[in-house]
Each structure stands twice: as structure tokens, then as C-alpha cells.
There are 2 protein chains.
Amino acid sequence: MRARALASSFPSISLETDALTAARLLADNQRTGLLVTNAAGLPCAVLTASRLLQLMIPRYVVEDPSLGRVIDELHTAQMRDRLAARSVGDCLPKESLAPPVANAEDTVLEVAALMVRENSPLVVVAEHADHGMDPRLLGVITTIELLGRLSEDQP
Amino acid sequence: MRARALASSFPSISLETDALTAARLLADNQRTGLLVTNAAGLPCAVLTASRLLQLMIPRYVVEDPSLGRVIDELHTAQMRDRLAARSVGDCLPKESLAPPVANAEDTVLEVAALMVRENSPLVVVAEHADHGMDPRLLGVITTIELLGRLSEDQP
């Protein structure tokens with residue numbers, strides 16, 4: 001089994017899109033992360049649901065969750081507005097990195113080792129990823145897909 | 001909207017179960033984490049897919065992923081056997097914590113604030129969580145469920 005056969009489509013969003021759209025895309029796809037693409041359409045980061053939730057909840061509510069009981073519908077609308085006013089690029093943590101890229105012909109175990117080494121929730125699969133040509137993206141492999149494949153009797 | 005209405009069932013596993021069973025349960029449910037329960041049936045940790053993948057891939061392959069190309073089927077079977085020989089409890093990181101517990105009557109925003117403050121991928125919802133009685137577990141709320149609810153126009 002090679003990376004090519006495991007690669008599947010994954011929700012992605014551009015750096016310039018607003019963060020509320022990103023939150024809704026995550027929720028619609030029931031995913032914990034989105035692939036972020038730059039102006040050239042290449043993956044440059046992963047934006048997680050936990051990061052967006054962190055940015056959405058005001059600091060004073062995080063410090064005293066019981067305030068969450070008294071905040072009304074108007075405040076919740078303002079939280080959404082603040083998210084809508086930010087771009088995806090503004091939401092990425094400073095230490096954010098591009099996801100690792102595997103070659104289409106890599107084995108499942110090579111992809112898994114890359115994922116563990118880079119501590120990444122997903123690996124992008126591309127053709128020509130290391131031949132100095134523009135890579136052609138085939139899709140993404142997530143941790144759970146690799147774990148499922150490796151824990152089967154016939155991976 | 002209160003926590004009670006958002007709580008849903010979530011795959012769980014006991015500390016004593018073997019880690020290969022945990023990996024297959026994660027894959028079958030397409031989840032990135034499992035709730036781990038102690039001998040009393042109470043949630044005591046979250047075991048993630050990335051942690052299991054990290055334990056499954058031999059260190060020398062992580063350090064040199066190209067070795068993953070030459071490892072054969074026999075080695076992959078040995079990796080599964082090693083996972084099967086460990087308990088879920090053995091797989092938890094030392095710093096592993098019990099997931100935070102919200103009350104059934106907490107608002108969506110209180111639950112979100114608790115999740116952000118504790119930096120947890122899920123919150124357990126219980127009745128009597130702070131009344132000194134044995135809590136009755138109603139289910140779990142994940143980050144993506146909260147983010148979806150809060151980014152809707154009518155949360």
C-alpha cells in the first residue's frame with residue numbers, strides 16, 4: 001500500500017478567507033483541522049478547531065467560565081462578528097508550520113514515520129514532492145487513517 | 001442551549017484494555033481520541049490516535065523514515081503485537097489528565113470556556129458534577145460540536 005492509494009480529499013481554505021467561514025467549514029465537515037493554502041494554492045498550515053474556539057471565547061470568560069452563564073445572545077453575535085472580521089492567516093499561531101509532504105510512492109510506514117517525526121495531524125501527498133518540480137497535490141492522509149491501516153491484519 | 005442537550009455518546013475504553021483494541025476502536029469510529037475510564041467506570045484520561053501512532057512506529061524508523069520503505073510485512077505484524085501487549089493505561093503520557101467535567105445545566109459558552117481553559121479536546125457532561133454526589137455521566141461534547149454551535153446564527 002502506497003501513499004497515493006491512501007490520499008483523500010480534505011477541506012481546505014485560503015489564508016485570506018475569514019475565520020467564521022473557516023469555523024463553519026470545520027463544523028460542516030466534522031473535522032478537527034483545515035488545510036490552509038497560500039496564494040499559489042499550496043498548503044502552508046493547518047488551522048485547528050481548538051485554535052478557532054480559543055480565539056472566539058473572550059479572555060475574561062475563559063478566566064471565569066461562570067461568566068458564560070450571564071452572557072446573552074447579543075454578546076454571542078459579537079463573538080461571531082469578531083471571528084468574521086479576522087482572516088484565516090491572522091488566526092494561525094506564530095509557530096505554525098506547513099504540514100509535511102510525502103511522495104505518492106511512499107509506503108504507509110514511511111508516511112507514519114514522517115507524521116510522528118513532524119508531530120503533525122496530517123501529511124499532504126504529492127507527486128514530484130522531492131524532484132524540484134512543482135508538486136502536484138493528490139490529497140491528504142490523517143493520523144486516524146494511518147492508525148487504522150497499520151492496526152489491520154493486512155495493512 | 002444547555003450542555004445536557006449537546007452531550008452525546010463517545011467511544012470509551014478501560015485502562016486495562018489492550019492498546020491494539022484501542023487503535024481499532026478509534027479507526028472504526030473515525031475519532032482522534034477515546035475516553036479512558038478507570039475501574040469505577042469514571043473518565044480518567046483521553047487517549048489520542050497520535051499517541052498510539054507514536055508508540056507503534058519504532059524509534060529508528062521515526063528518525064529515518066526511509067527505513068519504512070524496506071520494512072516488511074513481518075515487522076508490521078510485530079508492531080501490532082507490541083501494541084497488543086500494552087494496556088491503554090501503559091500508553092497514556094505521564095502528564096495525562098482527566099478531561100474537564102461540565103454540569104448538565106451549563107450553557108454552551110460555559111462549556112466552551114472550560115474547554116479552552118483546560119486546553120482539552122472534549123468535555124464530559126455530568127449531573128451533580130459539583131454537588132459531592134457520584135456524578136451521572138450524560139455524554140461528551142467535542143471542540144468541533146461547540147465551534148459549530150457557536151458559529152451558527154442561532155446557537
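Predicted model: local features only at pLDDT ≥ 70, side-chain atom pairs only at ≥ 80, totals over all residues.
User: How much of chain A is buried?

Analyst: Buried means under 20% relative accessible area. Of the 155 residues of chain A, 48% count as buried. Contacts tell another part of the story. Take those in chain A with a separation of 6 or more: 55% of them come from residues 24 or more positions apart.

User: How do I read a sheet? What is the strand order of the open sheet of three strands in chain A?

Analyst: The general idea comes first. Strands of a sheet pair through backbone hydrogen bonds, either parallel or antiparallel. In chain A, an open sheet of three strands has the order E1-E2-E3, and its pairing is mixed. Strand E1 (12–14) and strand E3 (43–48) of chain A stand at the edges. Each has a single partner strand, so one side of each is left without a neighbour in the sheet. From one strand to the next, the twist averages 35 degrees.

User: Do E1(A) and E2(A) run parallel or antiparallel?

Analyst: E1(A) and E2(A) run parallel, and three bridges join them. For one place to look, find A:Ser12, which stands opposite A:Leu35 in E2(A).

User: What is the strand order of the open sheet of three strands in chain B?

Analyst: That order is E4-E5-E6, again an open sheet of three strands with mixed pairing. Strand E4 (101–103) and strand E6 (136–142) of chain B are the edge strands, and each pairs on one side only. The twist there averages 35 degrees from one strand to the next. Strand E5 (residues 122–127) of chain B and E6(B) run antiparallel, joined by six bridges. Within that pair, B:Val124 stands opposite B:Val140 in E6(B).

User: Which helix lies across E4, E5 and E6 of chain B?

Analyst: H7(B) does, and it runs at about 130 degrees to E5(B). Helix H7 (residues 108–118) of chain B is mostly covered, with nine of its 11 residues buried. Among them are B:Val108, B:Leu109, B:Val111, B:Leu114 and B:Met115. B:Glu110 is buried in H7(B) as well. Just after H7(B) comes B:Asn119, with a positive phi of about 50 degrees.

User: What is the phi of A:Gln30, and where does A:Gln30 lie?

Analyst: Know the background first. Most residues other than glycine have a negative phi, and most peptide bonds are trans. The phi of A:Gln30 is near 50 degrees, a positive value in a residue other than glycine. A:Gln30 lies in the loop between helix H2 (19–29) and strand E2 (33–37) of chain A. A:Gln30 is exposed, with a relative accessible area of 53%. Now turn to chain B. B:Gln30 has a positive phi of about 50 degrees. B:Gln30 is found in the loop between helix H2 (19–29) and strand E2 (33–37) of chain B. B:Gln30 is exposed too, at 52% relative accessible area.

User: How do I read the interface? How much area do chain A and chain B bury between them?

Analyst: The size of an interface is often given as the accessible area lost when the parts come together. Chain A and chain B bury about 4100 Å² between them, 70% of it on carbon and sulfur atoms. The contact takes 49 residues from chain A and 49 residues from chain B.

User: How many salt bridges cross the interface of chain A and chain B?

Analyst: Four salt bridges are found there. One of them joins the side chains of A:Arg69 and B:Asp106, at 3.1 Å, N to O. Between chain A and chain B, 10 residue pairs are in polar contact. On the side of chain A that touches chain B, H7(A) gives the largest share, eight residues.

User: Is helix H8 of chain A mostly covered or mostly open, and what do its buried residues pack against?

Analyst: Helix H8 (residues 143–151) of chain A is mostly covered, with eight of its nine residues buried. They include A:Ile144, A:Leu146, A:Leu147 and A:Leu150. In chain A, the buried residues of H8(A) pack against helix H1 (3–6), helix H7 (108–118) and strand E6 (136–142). In chain B, they pack against H2, helix H3 (49–56) and helix H5 (73–84).

Technical notes
Residues numbered from 1 in each chain as written. Chains lettered and ligands numbered in written order. Heavy atoms only, no water. Helix = DSSP H or I, 4+ residues; strand = E, 2+ residues; numbered from the N terminus. Buried < 20%, exposed > 50% of the residue type's maximum accessible area, 1.4 Å probe, protein only. Pairing = 2+ DSSP bridges. Axes fitted to C-alpha atoms, helices over the stretch in contact; angles between N-to-C directions. Contact = heavy atoms within 4.5 Å. Buried area = accessible area lost by both parts, 1.4 Å probe. Polar contact = N/O pair within 3.5 Å; in protein donor to acceptor, adjacent residues only side chain to side chain.
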